[in-house]
Number of protein chains: 2
Amino acid sequence: MRIGIDAMGGDNAPREEVKGALSARRFLGEGDKIVLIGRQEAILPLLAEDPKWAEFIEVRHAQQVIGMDEAPVEALRTKPESSLAVMVQMHADGLIDACISAGNTGACVAAAQMRLRRLNGVHRPGIAVVTPTHRGPVAICDVGANVNCRPQHLYQYGIMASVYLQCICGVAHPRVGLLSIGQEDAKGNDLVKQTRALLKEDANLHFVGNIEGRDLFSGVCDVMVCDGFVGNVVLKLVEGMAEGLVRTLLGELGELLPGHENALRKAAGSISVKYDYNEYGGAPLLGVGGIFIICHGASSYRGIMNAVRVAVDFSKRHVNQQITQLLSGSPRVADV
Amino acid sequence: MRIGIDAMGGDNAPREEVKGALSARRFLGEGDKIVLIGRQEAILPLLAEDPKWAEFIEVRHAQQVIGMDEAPVEALRTKPESSLAVMVQMHADGLIDACISAGNTGACVAAAQMRLRRLNGVHRPGIAVVTPTHRGPVAICDVGANVNCRPQHLYQYGIMASVYLQCICGVAHPRVGLLSIGQEDAKGNDLVKQTRALLKEDANLHFVGNIEGRDLFSGVCDVMVCDGFVGNVVLKLVEGMAEGLVRTLLGELGELLPGHENALRKAAGSISVKYDYNEYGGAPLLGVGGIFIICHGASSYRGIMNAVRVAVDFSKRHVNQQITQLLSGSPRVADV
C-alpha cells in the first residue's frame, strides 16, 4: 500500500507532516510506502532526522501550496502543481492508494470529488469525525463537506458512518441517531423530518430516532447524522467548550486547593488527551472512490501519524467495498 | 405591573412555579402583582407557606394543562382552558402585562404568535437565550422558535437581541456575530451568506462578521445569530457538555487528590452555578406584541423568580418600544 501525505497542508506544515510520516513506520506492512508530496527543499532536511527514512518514504516534489483561506475551486484551478492537487491526481492515477491532508478542508473535498469521483450509489460524500466523549467515541457525519443537504444525503451518511465505525472502531451494531431539536417525530425542520422517514425504513440500520444536542454526551448513539453546516458548528463548539470549561474549572480548583498545581495540571492533561483530535487520526471523507483522510488544521505529528493508521485500516478492512455493498441493497432515492 | 405565571408548565410544576412566585416579591414595585394561572386546588396549598401571599399574588383558576410532548397547535385548539391559553388570552386582553412559562416551548411560541401578534415590522419572533460562558454572557437568538428561517428573520434577530442585551444586561454596544462554519464571506450555507449581506449593511448594528462554534466561548461577540434549529442544537449541546465534562474532570481529580472531595464538590458547584440556566431567568420571545419569558422545562424556583426580574426589567426599560423604533429605521426586506 502507498499512502500519500500532503506535506504542505496544515498550520504546522511541513514539520508535523514529516515528523508524522517518520513516526508512522510502525503502522506500515512489508513493502508499504508513504509518499510525501510538497516542496522537496522544505521536506528533505526534515527527513534527515531519521537516517533510514528512504526505506519507507518517497518524496514527490510539488511546487505550489494552497493556503487555508483560499477559495477551494479557484485555488485548485489556478494551482495544478499544488501538493494537494498533485496528491489527488496521483491517487486517481493509481500511484497511491490513500490521501492524507491537514490543509484547506474545502479544497480537499473539492479535489476528491473532482478527481476520485463518488462510490457507486453515493449521492454526496460526507466527512465523519469520531469525536471523544466521556462515554466513548461518537461518529458525527457530516461535519462540513456538504452544507446544502437533502434527505437522501443524510440517510447515506447514516449508512456510511455505521460501516466506518464498525470497521475501524469495532463497534458491532452502531446505533444511529438523527440530530434534531426534540425526540418526537414532529420535531425538527423539513430536512430532518424527511430524513427520519428514510432512516426508519432501512432494516439494515440500527436507527434509534431523533437525538438532541445533549445526547452527543449521553451515550444513546454511536453515529450522529446531521447536515454539514450543523455538524461543523457542533464540532467546533465542542472543541472550544472543552478548552474553556477545563480552564474555568482548574481556575476554581486552584483557589480551593493551593499547592496541588501538579495534580491539577495532570488531570487537565488527561482530559485534554481524551478530547484531543490528534488521537483520532483524522476524519475520512466517506463516499469518494478512494481513501481520503482529512486532518485537523492544527494537527501535531501524532494526528498525522494516526491518520496513517486509519488509512491502513480503512484499506485492510475494505470500508469502501462494504459501503458499496450496503448501498446497493438500500432503497434508492432519486437525487433531485 | 401584573405578571402572569403559568403555574402548570414546567417539569416540577406547580411546586417550583409557586415557590418562585413567592420568592419574587423582592422584584415587585408598589402595587405590582403576580397572577398564578392553573389549578387552584394545586396552587393554594403551596401558597399557604407564606401567610402574606395575598398581598402580591392572585390566582386565576384554569382547569386544563398542556403537556410537554403535546403537539402545540393541536393542544391549544383542544385545550382553551389550559393555563397557557388562559394566560396568553389575559395578556391579549390587557389583564396582565407579561407571561412566564416553563412549559411546552412550542405551545408558548404558538400561543404568543396567535394571541399577542407581532411587533410592528417584525417578520418572525425569536427566542433569545443568554448563555453563560467563562468570558461572560452571550445571547443566542434564535434557539427554537423558528426552524425554517429566512435571511430577513436572522437579520432582525440580530437587531432584537442587541436591544435586549443592551437593556437587560447593560452591554453598551453589543457585538453581533453570525454563526457559520468559517470567517470568510464565502463560507456557510445560502441562508448565512444572504443574512451576512443584510447585517453588514446596517450601520446601527455592531456586526463583527461570521463566527464559528468555538467563538461562543472566545469572547468575540455578545450576540450570536443563528436559525432556531442550529441554536437549539447548540444550546442543548452546551448544557449536556458542561455536565459531562465537569463529571469527567472531577473523576480524574478524585483519583489524583484523594481526601479533597469537599473542595472538588465545591468547585463543581461553583461551575454549575456559572452554567446554570436558572440564574438567567428565562429567555424572552422577542418580537411579539407583549412580554413573554420562556423558562427551561427543568427550572427550579430560582429560574421562575429570576424570570420575574427579567419581565420587570423588560417592561421598565421599554425593550419592545426600542425594538420597534430600531426596526422602523432599518432597511425593509420583503417577507416572501
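Two residues are taken to be in contact if their C-beta atoms, placed from the backbone, lie within 7 Å. With that cut-off in mind, and remembering that this is a predicted model, begin the tour in chain B by selecting helix α8, residues 228-256, which lies across β5 (126-131), β6 (138-141) and β7 (175-179) of chain B and runs at about 25° to β5(B).

**The sheet of chain B**

Next, select the strands of chain B and follow them in the order β3-β2-β1-β4-β11-β10-β5-β6-β9-β7-β8, which traces an open sheet of 11 strands with mixed pairing. The edges of this sheet are held by β3 (57-61) and β8 (206-211) of chain B, each of which has a single partner strand, so one side of each is left without a neighbour in the sheet. Looking along the sheet, one finds neighbouring strands turned by 25° against each other on average, direction ignored.

Switch to chain A and colour it by its domain assignment, which gives domain 1 as 1-122 + 287-320 + 329-336 and domain 2 as 127-278. The C-alpha centres of these two domains of chain A lie 25 Å apart, and their contact takes 21 residues from domain 1 and 18 residues from domain 2.

On the side of domain 1 of chain A that touches domain 2, select α5 (105-116), α10 (301-316) and α11 (319-329) of chain A, each of which supplies at least two residues. Of the elements here, α10(A) gives the most, with six residues. Colouring this side of domain 1 of chain A by residue class shows eight nonpolar, nine polar and four charged residues.

**The two copies together**

Finally, display both chains and superpose them: chain B can be laid on chain A with an RMSD of 0.0 Å by a turn of 180° and a shift of 0.0 Å along the axis, which is the relation of a two-fold axis. To locate that axis from chain B, select B:Val230, whose C-alpha comes closest to the rotation axis among the residues of chain B, at 3.1 Å. Through which surface do the copies meet? They meet through the same surface, because 100% of the interface residues of chain B are also interface residues in chain A.

Note on methods. Residues numbered from 1 in each chain as written. Chains lettered and ligands numbered in written order. Predicted model: local features only at pLDDT ≥ 70, side-chain atom pairs only at ≥ 80, totals over all residues. Pairing = 2+ DSSP bridges. Helix = DSSP H or I, 4+ residues; strand = E, 2+ residues; numbered from the N terminus. Axes fitted to C-alpha atoms, helices over the stretch in contact; angles between N-to-C directions. Domains from an automatic or database assignment. Nonpolar A, V, L, I, M, F, W, Y, C, P; charged D, E, K, R; others polar. Least-squares fit on C-alpha atoms with pLDDT ≥ 70 in both.
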